[in-house]
Amino acid sequence: MTITADQPALAPSLLSARPHPAGHERVEVVRGARSGLVMMVAVHSTRLGPALGGCRLWHYDTVDEAVADALRLSAGMTAKNALAGLAHGGGKAVIMAPDEPLDAARREAAFLDLGDLVGSFGGSYVTAEDVATGSADMAVVARRTPAVVGLPEADGGHGDPGEYTARGVHSALLAVLPRIGVASPEGLRVTIVGFGQVGSRLARTLVEAGAVVSATDVNPVRRAAVEQLGATWVSPADAHRLETDVFVPAGVGGMLSSAVIDELDCRAVVGPANNQLAEADGGDRLAARGILYAPDYVVNAGGVIHLGSPGSSREEVLARIDALGARLDEVLALAEAEALTPSRAADLLVARRLAS
């Protein structure tokens with residue numbers, strides 16, 4: 001059944017009339033009473049604790065397309081939280097953005113609606129910011145439910161997790177360098193696709209370390225920031241073809257399609273974007289081309305470690321994030337020992353954690 005977002009009404013749970021997707025515990029899709037926007041929460045697993053995962057505001061052509069994204073992302077959060085050692089399962093929220101920009105009043109209404117939806121899960125799902133949402137939005141959610149993290153620091157919250165995600169990506173990237181025969185970031189050629197909160201921070205760190213950074217973004221306005229940093233702007237359409245040492249997907253998911261993988265000219269892929277592999281065999285295709293792939297849900301866990309570590313000091317959180325390089329090294333060592341791709345080795349470690 002395909003349902004478009006402009007239909008006049010949705011039942012409280014669009015999925016109640018059909019089985020929940022295999023592997024998911026609960027999925028709810030509603031139209032917000034205040035905003036009129038379609039939104040959903042997908043809880044993949046609470047085996048390790050309450051599901052934790054952010055809310056993204058994005059445009060989709062149909063509800064089914066948005067639900068599919070929520071399902072993929074929530075399953076990815078289970079894996080991410082498990083390998084990060086957090087007492088959380090995986091979940092995700094998605095708000096379907098309308099064609100026109102949201103004004104302040106409707107945006108507030110949307111996140112009040114989201115708060116009601118999250119609250120209906122009774123604490124089994126905890127939301128946070130994600131693509132196109134921020135800590136100010138989470139403050140609105142908090143007016144309706146306590147099951148939210150990433151509130152503004154002024155409100156006693158964690159603030160924007162971008163700094164912590166970028167730090168974890170850097171730790172993972174450093175762990176990969178010896179495996180591609182590189183001694184240090186100095187002179188390392190890095191191509192970053194996506195120059196938002198995480199990509200820009202990672203670029204700055206690498207430029208300061210002497211790396212040769214090329215970067216791009218679907219928003220051409222960010223070209224000035226790229227060049228001001230001392231990096232080289234490249235066309236979004238051509239970035240994956242650029243000869244480089246490390247390719248960094250830092251935008252939305254699904255970038256590594258079969259066509260893109262066939263055209264990559266790099267030695268390793270290490271990036272923060274969720275669900276980078278567009279097809280299930282993407283990890284196999286990368287391995288067949290001799291490209292080392294660092295599984296995204298290991299690499300990008302810095303932000304969720306920051307959000308999912310209540311009561312920990314900043315020093316303790318940073319130590320856990322800096323240990324992501326060692327965790328990635330564990331994944332890559334298992335892959336070598338068991339003759340697996342890194343993706344399959346990471347999945348095996350997740351299964352072991354969930355089973356234990």
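Helix α1 gives ten residues to the lining of the second largest pocket, the largest share. The structure is a predicted model, in which local features need pLDDT of at least 70 and side-chain atom pairs count only at pLDDT 80 or more, while totals for chains, interfaces and linings use all residues. Residues are numbered from 1 along each chain as its sequence is written, and side-chain values use heavy atoms, with hydrogens and water left out. Helices (H or I, at least four residues) and strands (E, at least two) are DSSP runs numbered from the N terminus.

The second largest pocket has a volume of about 930 Å³. A pocket is an open set of points on a 1 Å grid over the protein atoms alone, where a 1.4 Å probe fits, with protein on both sides within 12 Å along at least five of seven lines; lining residues have an atom within 4 Å of a point. The volume is the space filled by probe spheres set on the points, which are joined across faces, edges and corners. Its lining comprises 39 residues, with Arg 72, Asn 275, Gln 276, Leu 277 and Asp 296 closest to the centre. Two or more lining residues come from each of β4, α1, α8 (282-288), α9 (296-299) and α13 (342-355). By class, this lining has 16 nonpolar, twelve polar and eleven charged residues (nonpolar: Ala, Val, Leu, Ile, Met, Phe, Trp, Tyr, Cys and Pro; charged: Asp, Glu, Lys and Arg; polar: the others, Gly among them).

The largest pocket has a volume of about 1200 Å³. Of its 46 lining residues, Asp 130, Val 131, Val 198, Ala 250 and Gly 251 lie nearest the centre. At least two lining residues are supplied by each of β4 (55-58), α1 (63-83), α4 (162-176), α5 (197-208) and α10 (302-307). The lining of the largest pocket has 20 nonpolar, 18 polar and eight charged residues.

Helix α1 has 21 residues and reaches 30 Å from its first C-alpha to its last, close to the expected 30 Å; the expected span is 1.5 Å times one less than the number of residues. Of the 21 residues of α1, 16 are buried (buried: under 20% relative accessible area; exposed: over 50%; partly exposed: in between; 1.4 Å probe, protein chains only). Just after α1, Gly 85 takes a positive phi of about 75°.

The whole structure holds 25 salt bridges, each a side-chain nitrogen of Lys or Arg within 4 Å of a carboxyl oxygen of Asp or Glu. One of them joins Arg 56 and Asp 130 (2.8 Å, N to O). Arg 56 lies in strand β4 and Asp 130 in the loop between β6 (125-126) and α3 (135-141), 74 residues apart. Arg 56 is buried, at 5% relative accessible area. A network of salt bridges links Arg 56, Asp 69, Arg 72, Lys 92 and Asp 130.

Glu 163 forms a salt bridge with Arg 314, with the closest N and O atoms 3.0 Å apart. Glu 163 is in helix α4 and Arg 314 in helix α11 (residues 314-322), 151 residues apart. Glu 163 is partly exposed at 34% relative accessibility, and Arg 314 is partly exposed at 41%.
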